[in-house]
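Good morning, and thank you for making the time. I would like to take you through one structure, beginning with a term and ending with the contacts of a single residue.

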Amino acid sequence: MAADTNGAGTPLTKEEEHEFAAVKAATLIESLPWLKRFSGKVVVVKFGGNAMVNEDLKRAFAEDMVYLRYAGLHPVVVHGGGPQISAALKEQGIESEFRGGYRVTTTEAITVVRDVLAGEVNREIVDLVNEHGEGLAVGVFGDGGSLFTGEKKGVVVDGQEYDLGHVGDITHVDPSGVLAAIEAGRIPVVSSIAIDDAHPDQALNVNADAAAGALAIALRASKLMMLTDVPGLYRNWPDRDSIVDLIAVDELRELLPSLASGMIPKMTACLDAVVGGVGGATIIDGRIPHSILLEVFTLRGAGTEVIPDPSRRTENQMTHAEIGRRVASPSIDSSTGQHVAGTDEKGHQQ
């Protein structure tokens, strides 16, 4: 095994190795409250954004899911596949048309959508996870075994109503197939396709954010995490200093109509999930490698968390303060090799 080196490539001294190990130990201890909180619990992760198309980020995501699994959590992955679907439709000469942010899905297009989600995207995620152990992950298809049932929806744009074809909203979730996979020790990977309740032989293209939220509720998940291409929710976009760490459902309801169109379905899914009994829902920047682990296991987190009520703010803040006191970054006096007091986030000696 290669020796640890500093930034210049020079092997570490014995004192530096001790300091490096101490920092690693502090990071592991920092995760302890979260491991205690989520061990044995279901966490639903919506996989999307740049993390779905960047090879390094895809592999980092798969590693995160495996880590959660071996740390004692039960991760469940829900995915869409917008870029892959668009590419497949273009390859087959089918035009991609959008109305009000929704993909118009014809009878011809829904076949392609199903094939891409189940045969391409789902299989790739499963294969990436299974590189770390055969049979760790298993594909569970949204329209298989009636996991998701839905009804067709239209959309109104500028006062005119449009038919979206095979596009729908989820009306029922049967999580039995996902629960069976969890009980077998596997990581379920779920595609966002539903059965049309009015025509059971037909499939519906459903929003993956909404599917993740609905499944999290049905599984009584402890946490829902949504990977996006932004650091979190901004209260006053484009003011980058207005990013929100914690927001209660009542405040989010008021803020929702003013959000950018791309954030509305994600934040709506988070809101619905928390109102539906999920312990918390977080928007996470999926452009950061291992952002899932940063959110679940570290003091700083990695996004915006939606919580049931404002009293949880105090609970979260007290937990963070406690952890901050106990896991302040240790340091070593290079002249003596002895540990010295750590510092808090503001640089104050503990």
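A residue is called buried under 20% relative accessible area, exposed over 50%, and partly exposed in between, using a 1.4 Å probe and protein chains only. By that definition isoleucine 217 is partly exposed, since its relative accessible area is 30%. I shall return to this residue at the end.

Please keep in mind that this is a predicted model, in which local features need pLDDT of at least 70 and side-chain atom pairs count only at pLDDT 80 or more, whereas totals for chains, interfaces and linings use all residues. Residues are numbered from 1 along each chain as its sequence is written, and side-chain values use heavy atoms, with hydrogens and water left out.

Let me turn to the sheet. Helices (H or I, at least four residues) and strands (E, at least two) are DSSP runs, numbered from the N terminus, and two strands pair if DSSP finds at least two bridges between them. On these terms, eight strands make up an open sheet of mixed pairing, ordered S5-S8-S2-S1-S11-S15-S16-S14. Strands S5 (137–141) and S14 (246–248) are at the edges with a single partner strand each, so one side of each has no neighbour in the sheet. On average, neighbouring strands are turned by 20° against each other, direction ignored.

Consider strand S8, residues 187–191. Five of its five residues are buried, so the strand is largely enclosed by the rest of the structure. Ile187, Val189 and Ser191 point one way, while Pro188 and Val190 point the other. In general, side chains of a regular strand alternate between the two faces of the sheet. S8 pairs with S5 in the parallel sense over five bridges, and glycine 139 stands opposite valine 189. Strand S2 (residues 74–79) also runs parallel to S8, joined to it by three bridges; here histidine 79 has serine 191 as its bridge partner.

Elsewhere in the sheet, S15 (residues 281–285) and S16 (residues 303–307) run antiparallel and are joined by four bridges. Threonine 282 has glutamate 305 in S16 as its bridge partner.

Next, the aromatic residues. Rings of Phe, Tyr and Trp (its six-membered ring) pair if their centres lie within 6.5 Å; planes under 30 degrees apart count as stacked, over 60 as edge-to-face and the rest as tilted. The structure holds one such pair. The ring centres of phenylalanine 47 and phenylalanine 61 are 4.0 Å apart and the planes are at 15°, so the pair is stacked. Phenylalanine 47 belongs to strand S1 and phenylalanine 61 to helix H3 (residues 55–70), so the pair ties together parts 14 residues apart in sequence. Phenylalanine 47 is buried at 3% relative accessible area, and phenylalanine 61 is buried at 5%.

Finally, which residues does isoleucine 217 touch? With contact meaning heavy atoms within 4.5 Å, and not counting residues up to four places away in sequence, isoleucine 217 touches Asp272, Ala273, Gly276 and Val278. The C-alpha atoms of isoleucine 217 and alanine 273 are separated by 5.8 Å, although the two residues are 56 apart along the chain. Isoleucine 217 itself lies in helix H7.

Terms used: Axes fitted to C-alpha atoms, helices over the stretch in contact; angles between N-to-C directions.
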